[in-house]
Amino acid sequence: MKIGCPKEIKPQEFRVGMTPDAVREAVGHGHAVVMETKAGMGAGFTDEDYIAAGATILGTAEELFAQADMIVKVKEPQAVERKRLREGQVLFTYLHLAPDPEQTRDLLDSGVTAIAYETVTDDRGGLPLLAPMSEVAGRLAPQVGAWTLQKANGGRGVLLGGVPGVLPAKVLVIGGGVVGTHAAKVAAGMGADVTVIDRSVNRLRYLDDVFGREFKNAYASAGNTIALAREADLIIGAVLIPGAAAPKLISRAQLKELKPGAALVDVAIDQGGCFETSRATTHQDPIYEVDGIMHYCVANMPGAVARTSTQALGNATMPFMLALADKGWKRACAEDKHLLNGLNVHAGKLTYEAVGVALNLPT
Ligand code: NAD
């Protein structure tokens, strides 16, 4: 099979669908890989790295889409890319079709077979191609939170880990899933005094078993949430209710109860945010202040560390990419129900029920 990996064209997207490592594996399996020139530049991979791994470099995305049997990307195809897709071609990337009728229409019209990273599942009920980005965002959250707390950025001027003779900062993590767990680990590793709260007692049991005294946990009742928030220097929002907008857990009125200059890092902003005063920001202009409280609400946090994110995503997609290339999408999906769950569009038909329900289209 000929696999093609174009340069991402969505603004501020620096990741790339295939690392040189992924190319090496695909070539080792007997496939040809074509990369668009400079596709890996944002993630620090040069054309020479890809050539050394066995890829052929193409000058334009147009040629690449015309030649490839399967396109491997990161972001949903943009309008100009969608025009290049065709029947019989496989597209493997993040799609997020439910809120995007225009993209869905174009994919259906193109006849392409589209497999969405975000709906591929695993045996433990998780989403293995979303998890790496949650891990990245979670580990990044204390880092950006620590920066936001610095005086020059409007924060309280508190060092997360304290110093000998000075107590460490208090960090509250709301939601102890993938993002929250990784955020708590890193904040605790930086020496902060960390508490994780969650609505799932089973999840709290798991955190207690695995992390012991590394960080504390408590049930996320409304009372606990505001009581712990009042004491916190940094609050990290990491909740998710699958398929729903994030619940608002700290209201604007409650901001005046927080410590002046406290920092809110709302990782759940891509689901609308879990603080009433959250609004999406960008890496160029990541923070703003409301009632003396600093907010960091970047919706695509993994983009800040595009190289790490590309490698983490590449590791997770690699076995699926290889199965699709080795067996063809039909056999690969027939033999792996989790990959089949990723199938969203095939030959003009919507094949993922939740997207059909969201867009009022037949599946
Ligand atoms: P997850 O499903 O692993 O964890 C979510 C946790 O929130 C669960 O443990 C759940 O029990 C808990 N929860 C739900 N409602 C709660 C409430 N009211 N109070 C406390 N806890 C509650 O999800 P995840 O992968 O950790 O993702 C968390 C959020 O981060 C999602 O909204 C996701 O889209 C977002 N995210 C954002 C970025 C970004 O760049 N901003 C990157 C990755 C993930």
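Start by selecting Lys2. Lys2 is partly exposed, with a relative accessible area of 26%. The residue sits in strand β1. This is a predicted model, so keep that in mind at every stop.

Lys2 and Ala68 are 66 residues apart along the chain, yet their C-alpha atoms are separated by 5.1 Å. Show what surrounds Lys2. Leaving out residues up to four places away in sequence, Lys2 touches Ala32, Val34, Gln67, Ala68, Asp69 and Met70.

**Gln12**

Follow the chain from β1 (2-5) towards α1 (20-28). Gln12 is in the loop between these two elements. Check the backbone here. Gln12 is not a glycine, but its phi is positive, at about 65 degrees. Is Gln12 buried, partly exposed or exposed? Its relative accessible area is 36%, so Gln12 counts as partly exposed.

**Val74**

Val74 is buried, with a relative accessible area of 0%.

Draw a distance from Val74 to Leu97. The pair is 23 residues apart in sequence and 14 Å apart in space, C-alpha to C-alpha.

**Leu95 and His96**

Move to the loop between β5 (90-93) and α5 (101-110). His96 is found there, and Leu95 is in the loop between β5 and α5 as well. Take Leu95 to begin with. At 1% relative accessibility, Leu95 is buried. Display its contacts, again skipping residues up to four places away in sequence. Leu95 touches Glu76, Pro77, Gln103, Leu107, Ala114, Ile115, Ala116, Glu118 and Asn344.

Then step to His96. His96 is partly exposed, with a relative accessible area of 40%. Look at its backbone. Phi of His96 is positive, near 45 degrees, in a residue other than glycine.

**Helix α7**

Select residues 178-189. This is helix α7, with twelve residues. From first C-alpha to last, α7 reaches 17 Å, close to the 16 Å expected at 1.5 Å a residue.

Colour the buried positions. In α7 these are Val179, Gly180, Thr181, His182, Ala183, Ala184, Ala187 and Ala188. What covers them? Two helices are among the cover, α6 (131-148) and α8 (201-211). Strands β7 (170-174), β8 (193-198) and β10 (234-237) also cover the buried residues of α7. Gly191 has a positive phi of about 95 degrees.

**The cysteines**

Show the sulfurs of Cys274 and Cys297. How far is the sulfur of Cys274 from the closest cysteine sulfur? The closest is in Cys297, at 8.9 Å, too far for a bond. Seen from the other end, the closest cysteine sulfur to Cys297 is that of Cys274, also too far for a bond. A disulfide needs two cysteine sulfur atoms within 2.5 Å. The count comes to zero disulfides. Both sites are away from the surface by accessible area: Cys274 is buried at 0%, and Cys297 is buried at 1%.

**Zoom out**

Colour by domain. The domain assignment gives domain 1 as 2-120 + 310-359 and domain 2 as 131-299.

Switch to cartoon. The protein has 13 helices and 15 strands. The radius of gyration is 22 Å, close to the 21 Å that the globule rule gives for 363 residues, so the protein is as compact as a globular protein of that length. Along the principal axes, the C-alpha atoms fill a box of roughly 60 × 45 × 35 Å.

Finish with surface and contacts. Buried residues make up 51% of the 363 residues. The protein exposes about 16000 Å², and carbon and sulfur atoms supply 53% of that area. Among contacts between residues at least 6 apart in sequence, 61% join residues at least 24 apart.

Notes
Residues are numbered from 1 along each chain as its sequence is written. This is a predicted model: local features need pLDDT of at least 70, side-chain atom pairs count only at pLDDT 80 or more; totals for chains, interfaces and linings use all residues. Side-chain values use heavy atoms; hydrogens and water are left out. Buried means under 20% relative accessible area, exposed over 50%, partly exposed in between (1.4 Å probe, protein chains only). Helices (H or I, at least four residues) and strands (E, at least two) are DSSP runs, numbered from the N terminus. The expected span of a helix is 1.5 Å times one less than its number of residues. Contact means heavy atoms within 4.5 Å. Domain bounds come from an automatic or database domain assignment. The radius of gyration is taken over C-alpha atoms; the globule rule is 2.2 Å times the number of residues to the power 0.38. Accessible areas come from the Shrake-Rupley method with a 1.4 Å probe; for residues, only the protein chains shown count as cover.
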